[in-house]
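Thanks for coming, everyone. Have the screen in view, please.

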Amino acid sequence: MWNQFFLLEEYTGSDYQYVGKLHSDQDRGDGSLKYILSGDGAGDLFIINENTGDIQATKRLDREEKPVYILRAQAINRRTGRPVEPESEFIIKIHDINDNEPIFTKDVYTATVPEMSDVGTFVVQVTATDADDPTYGNSAKVVYSILQGQPYFSVESETGIIKTALLNMDRENREQYQVVIQAKDMGGQMGGLSGTTTVNITLTDVNDNPPRFPQSTYQFKTPESSPPGTPIGRIKASDADMGENAEIEYSITEGEGLDMFDVVTDQETQEGVITVKKLLDFEKKKVYTLKVEASNPHVEPRFLYLGPFKDAATVRIMVEDVDEPPVFSKLAYILQIREDAQINTTIGSVTAQDPDAARNPVKYSVDRHTDMDRIFNIDSGNGSVFTSKLLDRETLLWHNITVIATEINNPKQSSRVPLYIKVLDVNDNAPEFAEFYETFVCEKAKADQLIQTLRAIDKDDPYSGHQFSFSLAPEATSGSNFTIQDNKDNTAGILTRKNGYNRHEMSTYLLPVVISDNDYPVQSSTGTVTVRVCACDHHGNMQSCHAEALVHPTGLSTGALIAILLCIVTLLGKLLLPASYLPMRGTHCYCDTLDLSASPIKAYSPL
């Protein structure tokens with residue numbers, strides 16, 4: 001029956017706005033039918049004349065609030081109340097008018113673009129929306145234009161993309177720009193509605209400026225006593241860029257003090273700090289001239305055409321004289337002296353002088369904390385070192401002392417130097433046995449049999465090494481039962497001189513041996529070797545070195561018999577004593593405690 005009606009939004013008339021008319025084929029115009037309306041806004045926004053079927057809108061409608069209303073209509077018999085036709089559905093479309101201006105998604109946009117960008121470089125895109133119907137007319141067709149910001153920037157009318165419009169915009173000249181963009185509907189035609197937004201654009205920095213020294217020459221002073229690492233002064237080159245583009249590195253490129261000074265960059269202030277690299281000497285050089293260069297470590301190749309990104313300045317450094325302590329001719333001295341040197345023997349000398357132009361006189365002394373025993377002394381005038389006590393290399397080989405040089409006119413200025421004195425060896429010690437020797441010889445030993453190897457030691461340290469010789473003492477050479485064989489390698493052997501030995505006849509021999517060195521003057525000593533006569537098995541292994549006791553025919557040893565006799569004599573003596581001296585009852589004779597198997601009496605021979 002019906003399909004759709006159209007209604008213009010934002011009706012401003014005083015009467016109800018006519019929508020349309022409903023009509024049924026069963027309507028004969030006699031008033032027997034009644035039209036009724038239901039659905040969206042029925043009876044409120046939309047009313048119907050039940051007799052004629054005319055529909056009217058009672059209120060002002062806004063398409064942006066609701067663009068379509070769906071309603072149902074029906075014709076019924078007034079008398080019976082029954083529908084004469086099935087219920088029909090229809091729609092009311094609200095026709096759009098241009099009643100909404102474009103609105104930007106942001107009130108204020110913020111954007112950045114590198115300075116010196118090419119024309120047409122993208123900056124930012126702005127977007128505006130229009131609530132009107134985009135499918136009906138040009139009410140929602142938005143066009144962008146720039147109201148403020150020319151000639152620096154431009155905007156694409158259809159997309160809202162803002163681009164750079166001027167070549168070589170320099171941040172150092174101007175950093176901030178405010179651009180106003182307009183969005184207008186109706187395709188930008190006259191009568192269209194519009195909205196605006198603000199775009200704040202900042203030019204970001206690029207490295208397009210080299211560092212520059214504000215002056216061509218700098219001058220500093222420093223005392224000659226300044227230790228390495230001492231800061232002398234600061235220089236600073238300015239750079240119009242910012243951030244890492246303004247970072248500066250300083251270096252010394254040439255000059256007389258290239259190896260005497262250094263320059264480092266203070267990362268916080270971007271200053272070049274000139275420091276001492278090596279010890280200075282006013283007496284050798286008073287003025288240094290340097291060429292210091294400041295350069296950017298981060299350079300953009302596309303700006304190299306602007307020139308080298310570095311600058312140079314001249315730095316003059318004047319060295320100031322200070323009163324310096326004496327300086328020794330050497331960092332350390334090594335002297336030698338024989339250990340048999342007499343007291344007051346000169347060993348050598350040390351030399352120091354005042355490095356200043358005044359050349360103040362110097363006196364010498366020994367630091368007694370390094371020579372507590374006062375073994376050495378020094379001539380305060382000429383630095384000659386001499387002995388104060390006798391030396392002994394075997395007691396102390398090296399003496400490490402400290403010599404002090406002091407300015408006579410200014411005792412606060414003094415220096416120290418180590419002096420190492422080596423005591424040279426003199427043959428003043430006799431060789432001696434390396435250990436105590438006590439050996440044995442088997443009773444059945446054969447002649448020329450080796451029973452012991454001897455070794456010797458000597459506290460001295462001859463240049464060519466030790467060379468010991470061994471021999472029997474002169475008083476023992478004749479009739480000796482043993483001989484000494486010198487092996488010529490600082491060892492000697494004791495050899496038997498006969499076949500067989502008897503421990504009952506002689507159980508121990510004392511053998512005097514003379515040991516001599518081969519140095520000058522010759523030193524010798526005599527050591528004694530104890531040789532015991534022992535019973536051995538057939539392999540030569542010692543079994544017993546004790547001489548057996550002589551046995552009496554009665555079965556008791558002579559020692560036991562003598563002990564018994566001594567005990568009897570003691571008892572008889574006590575019986576003859578006065579009664580007052582008699583032993584108390586119960587006192588026993590201690591004869592039974594005598595060891596009848598006492599060790600046999602031994603016989604010794606020096607040979």
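**Salt bridges, core and pocket**

Start with Glu156, which forms a salt bridge with Lys163; their closest N and O atoms are 2.8 Å apart. By salt bridge I mean a side-chain nitrogen of Lys or Arg within 4 Å of a carboxyl oxygen of Asp or Glu. Glu156 is partly exposed, at 29% relative accessible area. Lys163 is also partly exposed, at 25%. The cut-offs: buried is under 20% relative accessible area, exposed is over 50%, and partly exposed is in between, with a 1.4 Å probe and protein chains only.

A word on the source. This is a predicted model, where local features need pLDDT of at least 70 and side-chain atom pairs count only at pLDDT 80 or more, while totals for chains, interfaces and linings use all residues. Residues are numbered from 1 along each chain as its sequence is written, and side-chain values use heavy atoms, leaving out hydrogens and water.

How many salt bridges does the rule give? The count is 20. Take Lys310 and Glu293, whose side chains meet at 4.0 Å, N to O. Lys310 sits in strand E23 (residues 310-320) and Glu293 in strand E22 (residues 287-295), so this pair ties together parts 17 residues apart in sequence. Strands here are DSSP runs of at least two residues, marked E and numbered from the N terminus. Is Glu293 buried or exposed? Glu293 is buried, at 19%. Lys310 is partly exposed, at 41%.

Next, Arg338 bridges to Asp340, with the closest N and O atoms 2.9 Å apart. Both ends are partly exposed: Arg338 at 45%, Asp340 at 37%.

Now the core. A nonpolar core is a set of buried Ala, Val, Leu, Ile, Met, Phe, Trp, Tyr and Cys residues joined through side-chain atoms within 4.5 Å. The largest one has 24 residues. Among those touching the most other members are Phe213, Tyr250 and Val315. Strands E22 and E23 are among those that each supply at least two residues. Val315 has contacts (heavy atoms within 4.5 Å) beyond its neighbours within four places in sequence, including Tyr218, Ile235 and Tyr288.

Last, the lining of the second largest pocket. Which kinds of residue make it up? Six are nonpolar, none polar and four charged. Here Ala, Val, Leu, Ile, Met, Phe, Trp, Tyr, Cys and Pro count as nonpolar, Asp, Glu, Lys and Arg as charged, and the others, Gly among them, as polar.

Notes: Helices (H or I, at least four residues) and strands (E, at least two) are DSSP runs, numbered from the N terminus.
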